[in-house]
Amino acid sequence: MQLLIVNFHYTRDAKPEWGIYPRTIKEIRDQITELGTHFEFISQQTLETLQRRPSKGIKACLLTFDDGLKEQMAAFDCLRSEQIPAMFFVNTGHYQTREAYDVHKLHFIYSKMRPEDVASYLDATHDMQSFPFPSSELKDEWRYDSNLIQKIKYFTNYGITPEQRKEMIDHFFCALCVDPKSFCDDFYMSITDLKRIAEAGMLGSHTQNHLPLASLSDEAALRELVISREFLHSVTGTMPRFVSYPYGGVTAVKERTSHLAQQAGYTLGVTMKRGINSDKDIINRPLMLMRVDTNDAPGGKLKSVDYLT
């Protein structure tokens with residue numbers, strides 16, 4: 001058995017020069033067509049059945065969308081019209097605070113500002129040029145970015161404190177004349193959107209505040225997992241069983257993260273460790289499933305995909 005899990009984030013027609021790499025609805029449709037020549041699309045419910053009764057001959061694909069972005073509703077409607085299942089993993093903290101997460105504010109900044117200008121600010125304020133970057137991790141996690149953008153993204157995630165990151169965001173939001181509250185309200189799915197997704201059986205958690213769980217204490221990480229699950233249940237009537245860990249790479253997800261997810265009540269979890277899952281992964285490591293970015297899947301940017309052979 002093989003299970004390919006493909007992850008999407010931004011779905012929009014207007015593409016910036018750098019920083020983020022959205023897929024248009026046409027590109028998503030074309031990719032689904034390509035994926036469908038190799039795999040059978042499955043739902044969370046089918047995956048849970050395969051956990052109990054593996055099917056050796058099946059080549060399955062699960063489509064996933066992280067972050068609960070408003071623009072993903074176009075993809076949801078597209079998938080529903082084609083009767084193709086998927087999972088939409090949603091952060092929940094902003095529904096209480098009306099404050100967007102740092103990661104999305106940074107993505108907005110990266111898409112609007114020249115990388116050289118962002119780097120210049122970070123060099124002047126935090127001496128980014130002297131930071132010891134792990135080159136292999138940069139290439140693995142941000143393979144489609146230039147080396148400068150890779151360093152900027154890594155440094156803002158792991159090289160400065162949350163307080164310093166907020167100062168940086170405030171500086172650029174001011175320069176770009178962006179109102180943070182309006183940005184948040186326009187950027188994320190509404191409660192009505194969540195209810196539609198839950199009714200379709202496609203709703204999962206992306207934790208409360210989109211933080212790298214492995215960098216938190218066990219108590220704080222567990223709280224991120226529990227509060228999000230309980231909030232989604234309170235507004236939709238559905239208790240999520242499936243979690244997508246924010247960032248998902250080796251710095252953000254450790255073995256203990258899966259144990260905390262299990263403690264919080266989840267039965268399935270996805271990382272961003274790239275690869276295709278076997279029946280052994282699904283049975284023995286259901287809370288540490290591998291996943292690939294849309295660009296790394298058939299129909300994405302790669303011309304050949306070695307895990308199809």
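Colleague: Which residues of helix 11 meet which residues of helix 12?

Modeller: In this predicted model, Ile-191, Leu-194, Lys-195 and Ala-198 are the residues of helix 11 that meet helix 12, and on the helix 12 side they meet Phe-231, Leu-232, Val-235 and Thr-236. By class, this contact has six nonpolar residues, one polar and one charged.

Colleague: Why is helix 11 called roughly perpendicular to helix 12?

Modeller: Helix 11, residues 191–199, packs against helix 12, residues 218–236, at an angle of about 90°, with the axes 9 Å apart. Angles of 65 to 115 degrees count as roughly perpendicular. The angle of about 90° falls in that range, so helix 11 is roughly perpendicular to helix 12.

Colleague: What makes Lys-195 the charged residue of that contact?

Modeller: Lys belongs to the charged class, together with Asp, Glu and Arg. Lys-195 is among the residues of helix 11 that meet helix 12, and the contact has one charged residue.

Colleague: How do you know that the buried residues of helix 10 line one face of the helix?

Modeller: The buried residues of helix 10, which covers residues 180–187, are Phe-183, Cys-184 and Phe-187. Seen down the helix axis, they fall within an arc of 95°, so they line one face. They pack against helix 4, helix 5 and helix 9.

Colleague: What about helix 13: which of its residues are buried, and which exposed residues does the opposite face carry?

Modeller: Helix 13, residues 255–264, has Thr-257, Ser-258, Leu-260, Ala-261 and Ala-264 as its buried residues. Their arc is 160° down the helix axis, so they too line one face. These residues pack against helix 12 and strand 6. On the face turned away from the buried side are the exposed residues Gln-262 and Gln-263. Just after helix 13, Gly-265 takes a positive phi of about 110°.

Colleague: Why are Cys-61 and Cys-78 called buried?

Modeller: Buried means under 20% relative accessible area. Cys-61 has 1% and Cys-78 has 4%. Both values are under the cut-off, so Cys-61 and Cys-78 count as buried.

Key
Residues numbered from 1 in each chain as written. Predicted model: local features only at pLDDT ≥ 70, side-chain atom pairs only at ≥ 80, totals over all residues. Heavy atoms only, no water. Axes fitted to C-alpha atoms, helices over the stretch in contact; angles between N-to-C directions. Helix = DSSP H or I, 4+ residues; strand = E, 2+ residues; numbered from the N terminus. Parallel < 35°, antiparallel > 145°, perpendicular 65-115°, else oblique. Contact = heavy atoms within 4.5 Å. Buried < 20%, exposed > 50% of the residue type's maximum accessible area, 1.4 Å probe, protein only. Arc of directions from axis to C-beta.
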